[in-house]
Amino acid sequence: MQGKILSPQLISGDDGKRYEYYKNDVINLDGKDLAVLTGSQVEFLSFDKRVAKSIYIIAENLNVSSILSADSIRSARLKALWGIGLLIFSFILFFNFIPYIGKIIAIVSFVLYSMAIYSVSKAAASKSLFKNYIKAVIISFFCFFIYFMLAPSGAPSTSGFIAMGLLGAMIILIAAIYLYEIHYELARLSGISLFLWSFWIFVVSVPFCFLLIMSLGFFVFFLPGFVGLIMSWMLLFLAWWRFGKVEKR
């Protein structure tokens, strides 16, 4: 009999009936996540008219919406790769004086990467990963708010710059603590140390970018800040590219 996968537990048969099934009964799953195979055509046997056995996928239906909505490592990996790729692209657009398009792409990047972290936390049953991510995001946005909304217009005085710098440094330090926890847990779950390398390079590069924002020598701080961020994101991209499964510990 033939039918269509409705969910990771349910198949709709061509006879109009619905059949429950188990993952182990899918013969040619080949490590794929059932959550992203919704709508795929299958052949199966049924002996009690309610349970499908010996299921064989004959036509996959891997669509973007099912992959993005799935809480699986494969789905998280795809969302993270797209998110990081768009982030790098938006960063390049910003420095090529196309800031508005860059901001829109950066927002899309942030949403995709947030979905990726959430998917990993669900797949790994982690109670801390997504919470730490939200805390780091809130603190980071607060830091940017201070610099862009509360900083005096024009060139700041020496005392004003020192005060803003110290306050920003404290907030960055607090955010870095949660960022470290995020990257450490990703490295632990995946067994990929590149997550931590990406974090350390990012932490070193961010101060240069803030000095650049405060217009304290564009050419002096441009190269280390820009190159450092790109290198950090490239390592993060490579880490997610290698993220194939969650290690059980």
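## Strands β1 and β4

Lysine 4 stands opposite glutamine 41 in β4. The strands concerned are β1, residues 2–7, and β4, residues 41–46, which pair in the antiparallel sense over 3 bridges. Two strands count as paired if DSSP finds at least two bridges between them; strands are DSSP runs of E with at least two residues, numbered from the N terminus.

## Basis of the model

This is a predicted model, in which local features need pLDDT of at least 70 and side-chain atom pairs count only at pLDDT 80 or more, while totals for chains, interfaces and linings use all residues. Residues are numbered from 1 along each chain as its sequence is written, and side-chain values use heavy atoms, with hydrogens and water left out.

## The sheet as a whole

The 5 strands form an open sheet with antiparallel pairing, in the order β3-β2-β1-β4-β5. Because β3 (18–20) and β5 (52–59) stand at the edges with a single partner strand each, one side of each lacks a neighbour in the sheet. From one strand to the next, the twist averages 40°, where axes are lines fitted to C-alpha atoms and angles run from 0 to 180 degrees between N-to-C directions.

Isoleucine 11 has tyrosine 19 of β3 as its bridge partner.

Notes: Helix = DSSP H or I, 4+ residues; strand = E, 2+ residues; numbered from the N terminus.
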